[in-house]
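Please keep the structure open while reading.

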Amino acid sequence: MSFIQFEGVEREYIVGDSVIKAVKEVSFSLEDKSFNVVLGQSGAGKTTVLNMLGGMDSPTKGAITVNGEDISKLGTRELTTYRRDKIGFVFQFYNLVPNLTALENVQLAEEICKNPLDAAEMLERVGLGDRKNNFPGQMSGGEQQRVSIARALAKNPQILLCDEPTGALDSGTGRIVLKLIRDIARDMGKTVVVVTHNAPIAEMADTVIHMRDGQISEIRHTEHPRPVEEIVW
Amino acid sequence: MVKGALIKKSIQDMKKNRSQFLSIFIMAALAIGISVGLDTIWTTIDAHSQNFYQDTNISDFWVAASNPSELNLWRVRNIKGVQKAEKRFTVNNATARIDGKPILRVYAVPSENTLDMSLIMSGKKLSKHGAILDRSFAQANHLSVGDPLTIEVNDKRIDTTIEALALSSENIYAVKDTASMMPDPKGYGFIVIDEDRIASAYGGRKPYNQIEVRLAQGADAAEIQSRMDSIFGKKLNFVMAQTDNRGVNFANAKVIQFRSFATVFPFMFFLVTALITFSTMMRLTEDQRNQIGILKALGYSKKSILWHYTSYGVFVGMAGILVGILFGPNVIGRLLLSKIKNLMTFPVEDMVINISKFLFGASIIMTFTAGISFLSCLKLQNEAPAELLRTKMPKKGRHIFLEHFPHVWNHMKFSQKLTARNAMRNKFRIVVSILGVSGCAGLIIGALALFDLVSGIPKTLYEKTYSYDQKVILDSDTTDRAIRNLNLDGIVQDMEESSVQLTTQEGLRKVTAVSVFSKESPLIHLKDAEGNSVTLPDTGIAMTRKLAELMNVEVGDIVNLKRSSDTYYPVTIMKIVYMPSAQGIYMTDGYWQEIGENFRPTALLVQWNKKDNDFLNSGYITSYTDRTTQKSDFEGNLSAIFGTSLLLIVSGTVLAFVVLYNMGMLNFAERVRDLATLEVLGFHQKEIRPLVLTENIVSTVVGIFLGIPIGKYLAGTIAGGFGDDFDLISRVTPDRILIAAAITLTFAAIVNHIVRKKIKSIDMLQALKSVE
Ligand SMILES: Nc1ncnc2c1ncn2[C@@H]1O[C@H](COP(=O)(O)OP(=O)(O)OP(=O)(O)O)[C@@H](O)[C@H]1O
Ligand SMILES: [Mg+2]
């Protein structure tokens with residue numbers, strides 16, 4: 001059994017009288033400590049899949065197994081605990097708490113995790129050791145995204161989920177951020193899922209899932225993913 | 001199309017922010033409703049009584065004198081500043097020969113008189129043989145125009161026919177004697193007959209005992225009144241100013257009281273409404289930053305955008321004002337006025353609304369609803385659309401003072417740090433919220449204090465000061481010897497109650513109540529303001545505190561007392577006593593006789609061992625009341641004020657809830673993103689709740705503490721605004737503060753519960769989707 005397993009997962013939204021199937025009959029499996037990319041056009045259902053995997057949303061049908069545990073039937077409280085212990089999230093818009101400094105934002109992880117990593121050290125690793133006491137408002141988008149990565153990883157999660165982490169960044173900065181995610185995750189042995197509609201990123205992934213209209217159109221495994229530096233944007 | 005789109009947007013925006021709009025609406029409606037409602041009470045009483053006085057040509061003062069001569073009258077008329085002086089005869093204790101033998105006050109007037117006319121409501125003008133009868137009395141006793149009525153005056157019968165039913169401005173508050181507080185139209189009323197009709201009861205000679213005086217504009221009333229001594233000499237009993245007439249005095253007191261309530265309390269409502277509306281409207285417009293940018297970029301004109309946002313405030317404000325102006329007079333006004341109409345007779349029923357005050361209040365509301373939304377939108381208008389549309393950088397965090405103390409700061413949990421920083425960033429809104437809460441807490445404390453003030457008066461009088469079972473009004477023929485011979489089984493205290501005129505050394509004169517009884521006084525327990533017992537001095541008088549204050553005298557001062565059959569006698573104020581209501585002077589029967597008066601008991605106080613019904617039905621007495629009846633009558637007399645205090649407690653409570661709710665919602669709205677972020681990270685509900693709830697709780701608690709002095713101030717102001725008859729000491733007791741605190745905290749808890757539910761229902765995905 002794979003580390004992450006989706007089996008016939010569906011997610012419906014009821015809007016007024018109509019039912020929108022955001023995700024239909026999706027099945028796939030991902031290995032532990034792998035680096036994965038989900039690709040697809042806007043509205044394809046990528047975010048929905050990622051959210052369900054991250055325990056922020058539950059499927060209306062099907063099963064999602066993570067490390068042998070079926071998370072699709074969990075209640076709100078258990079899902080919170082699941083997110084707390086297992087998941088690190090990185091968003092397109094960073095979602096830092098504006099009234100906490102960079103360090104404090106990362107320290108949030110320390111308050112809730114069983115074996116968190118040192119916040120200051122994580123900031124060093126993302127190259128922001130000297131910006132510890134800055135507030136998010138005083139940093140650039142790329143810097144904020146790095147704080148957000150440090151925060152996600154400081155929780156020492158098993159899975160790191162990134163929803164268009166470079167969406168709000170220019171390509172150069174985006175590449176630095178992606179490389180950071182890739183490198184740290186590999187060093188620390190994390191399973192990573194990155195959602196994007198930027199096809200070139202896929203070249204550095206172990207597994208690439210293509211989505212269209214809520215369904216998986218293609219799954220491709222690569223034996224030797226290319227390093228970030230070589231990718232042409 | 002363009003217009004339609006904006007209107008649709010307005011409706012959407014209002015739906016989205018309905019709780020804010022609803023709270024502004026409620027606050028505006030309350031402020032206007034309370035203000036106009038309370039104003040309606042006094043403006044109605046004031047307008048009706050003033051019109052009534054004018055229509056009936058009420059005198060400026062009355063001179064009570066025994067058998068004044070034509071020369072006396074002529075001399076009064078010739079005083080410069082006297083416009084008119086007329087004579088008449090009044091007798092207070094005639095009886096009507098109908099069931100229950102009700103008491104009538106008889107006015108026997110010359111047909112050419114023009115002052116103190118009764119206002120005829122039905123029937124015709126008075127003829128030589130007819131009578132004008134008190135309309136309320138007639139209705140209560142089922143008498144009507146055309147009916148014959150026989151009255152008994154001076155033990156003689158006078159037969160008349162009722163020619164008209166009327167109202168009298170002198171009897172606007174018609175109570176029979178000093179022992180009664182509630183008008184009893186079945187047992188007491190007035191009747192007007194021609195002077196010729198009364199003569200038969202007095203041996204064929206027309207008697208007179210009153211001169212009615214109307215002054216010219218600007219005449220010096222005090223100076224003219226002081227001339228009465230030399231004109232009437234020994235015949236003078238007293239001079240009574242219009243404002244000392246019990247009815248006029250009562251109407252004035254109600255006007256003064258409600259004017260004070262209508263100033264003090266609405267002020268708090270407006271203040272709180274202004275504060276909360278201000279912070280809410282600011283916030284709502286600030287939220288619309290992006291929207292304004294979009295509208296501008298789409299090419300909407302500056303004017304239409306401004307109007308679009310101003311219209312929110314206009315609609316909410318107008319809706320509140322409209323409901324307030326409907327609710328205030330029609331609910332509050334009607335409810336409270338109905339309690340006053342039990343006590344007073346007015347010729348008209350309609351309510352008089354204080355338009356200018358309403359317009360003033362309405363403009364305050366509009367300034368803070370429409371004005372604020374207009375201004376904050378105008379501020380954004382000056383920015384370029386691109387600027388407005390730009391993804392707004394996260395609001396800048398800032399280090400705060402507390403961080404200079406690492407010992408404290410480093411040991412705080414993140415939620416505490418965050419709460420502290422948030423609080424510092426939103427100082428303005430929090431200060432406004434705290435002030436809002438303190439205003440409400442103060443309002444509730446003040447309203448409770450008002451309740452205590454009014455309920456304290458009858459309690460002090462009829463539970464502490466008096467301990468008799470019954471107060472018996474004696475027939476004027478009954479002597480103290482006759483009573484002693486009756487050997488009543490119980491504790492008995494006789495007393496003489498009348499009114500005397502006092503003049504201070506500075507020339508201030510006042511007709512005031514005097515009570516005369518023995519020094520032992522087993523059933524009247526006089527006290528000073530601190531509650532210590534006071535016994536009557538052997539020589540000199542005791543004066544109530546308020547009267548001393550009004551006459552600007554103190555212990556040791558000498559005032560001249562006008563004796564009934566002689567000139568003035570100087571008496572020394574030996575003691576000051578405290579009476580919450582009914583001010584006057586007290587002296588012993590011994591001293592009363594020493595200054596040359598006869599002690600003729602008018603009332604008998606009895607605490608029965610065995611109630612003597614024979615005595616109570618005997619000819620010795622004219623009437624009697626139980627102390628418990630007096631107490632409940634007194635309470636009935638103040639029922640409009642009780643109603644007011646209940647109304648204010650309820651509306652203060654509603655206001656507190658709205659303020660707290662609004663505060664909680666604003667605070668929540670500002671925190672949604674932080675909460676969602678933390679929730680995604682895996683924080684449990686109970687870990688993130690404090691972010692919002694702590695601030696609410698702290699603001700509420702601080703607000704309550706600040707509300708205590710506000711409440712005390714309100715209570716003090718109200719206590720001082722009851723008029724000359726009342727001497728109230730405002731006491732805000734700890735339990736009142738506790739009640740106010742409990743009400744406020746309960747609401748804070750309810751609001752927190754609602755916020756808790758809202759936190760739970762945050763859709764973290766939605767909350768994090770967009771940038772602010
Ligand atoms: N809360 C919701 N209510 C209704 N429909 C939703 C909701 N969330 C998503 N959808 C719908 O589900 C579908 C998939 O949405 P999803 O956000 O997963 O797309 P995506 O692949 O992440 O797109 P993008 O690249 O634009 O972010 C879309 O058609 C969207 O409209
Ligand atoms: Mg998406």
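The site around ligand 1 is shared between chains, because residues from both chain A and chain B surround the ligand. The model is predicted, and the distances below should be read as computed from that model.

**Ligand 1: the shell**

- The shell around ligand 1 holds 16 residues, and the closest are A:Ser42, A:Gly43, A:Lys46, A:Thr47 and A:Thr48.
- By class, eight residues of this shell are polar, five are nonpolar and three are charged.
- Four elements each supply at least two shell residues: β1 (4-15), β2 (18-30) and α1 (46-53) of chain A, and α25 (764-769) of chain B.
- The largest share comes from α1(A), with three residues.

- A polar side-chain atom of A:Lys46 is 2.7 Å from an oxygen atom of ligand 1.
- At A:Gly43 a polar backbone atom takes part, 2.8 Å from an oxygen atom of the ligand.
- An N or O atom in the side chain of A:Glu164 lies 3.5 Å from an oxygen atom of ligand 1.
- Ligand 1 taken alone exposes 630 Å², and the protein buries 70% of that area.

**Chain A: helix α5 and what follows**

- Helix α5 of chain A runs over residues 141-154, 14 residues in total.
- At 1.5 Å a residue this helix should span 20 Å, which agrees with the 20 Å between its end C-alpha atoms.
- Of the 14 residues of α5(A), 13 are buried, so the helix is largely enclosed by the rest of the structure.

**Chain A: Arg83**

- A:Arg83 sits in helix α2 of chain A, which covers residues 76-86.
- Is A:Arg83 buried or exposed? A:Arg83 counts as buried because its relative accessibility is 2%, and the cut-off for buried is under 20%.
- A:Arg83 and A:Asn134 are 51 residues apart along the chain, and their C-alpha atoms are separated by 27 Å.

**Chain B: overall**

- Chain B has 772 residues, of which 55% count as buried.
- Its secondary structure comprises 25 helices and 19 strands.
- The C-alpha trace of chain B spans about 105 × 60 × 50 Å along its principal axes.

**Chain B: annotated transmembrane regions**

- An unreviewed UniProt entry annotates residues 21-42, 264-284, 305-327, 358-378, 430-451, 638-661, 696-716 and 736-755 of chain B as "transmembrane region".
- Among these, residues 264-284 are 100% helix and 0% strand in the model, with end C-alpha atoms 31 Å apart.
- Residues 305-327 of chain B are also 100% helix and 0% strand, and their end C-alpha atoms are 33 Å apart.

**Chain B: annotated domain**

- The unreviewed UniProt entry lists "domain: ABC3 transporter permease C-terminal" for residues 264-380 and 648-751 of chain B.
- Residues 264-380 are 85% helix and 0% strand, and the end C-alpha atoms of this span lie 37 Å apart.
- For residues 648-751 the chain is 84% helix and 0% strand, with 21 Å between the end C-alpha atoms.

Terms used: Residues are numbered from 1 along each chain as its sequence is written. Chains are lettered from A and ligands numbered from 1 in the order in which they are written. This is a predicted model: local features need pLDDT of at least 70, side-chain atom pairs count only at pLDDT 80 or more; totals for chains, interfaces and linings use all residues. Side-chain values use heavy atoms; hydrogens and water are left out. A residue is near a molecule or strand if one of its heavy atoms lies within 4 Å of it. A polar contact is a pair of N or O atoms within 3.5 Å; within protein, one must be able to donate a hydrogen and the other to accept it, and residues adjacent in sequence count only if both atoms are side-chain atoms. Accessible areas come from the Shrake-Rupley method with a 1.4 Å probe; for residues, only the protein chains shown count as cover. Ala, Val, Leu, Ile, Met, Phe, Trp, Tyr, Cys and Pro count as nonpolar, Asp, Glu, Lys and Arg as charged, and the others, Gly among them, as polar. The expected span of a helix is 1.5 Å times one less than its number of residues. Buried means under 20% relative accessible area, exposed over 50%, partly exposed in between (1.4 Å probe, protein chains only). UniProt positions are given in the numbering used here, feature names are shortened, and annotations may be inferred rather than shown by experiment.
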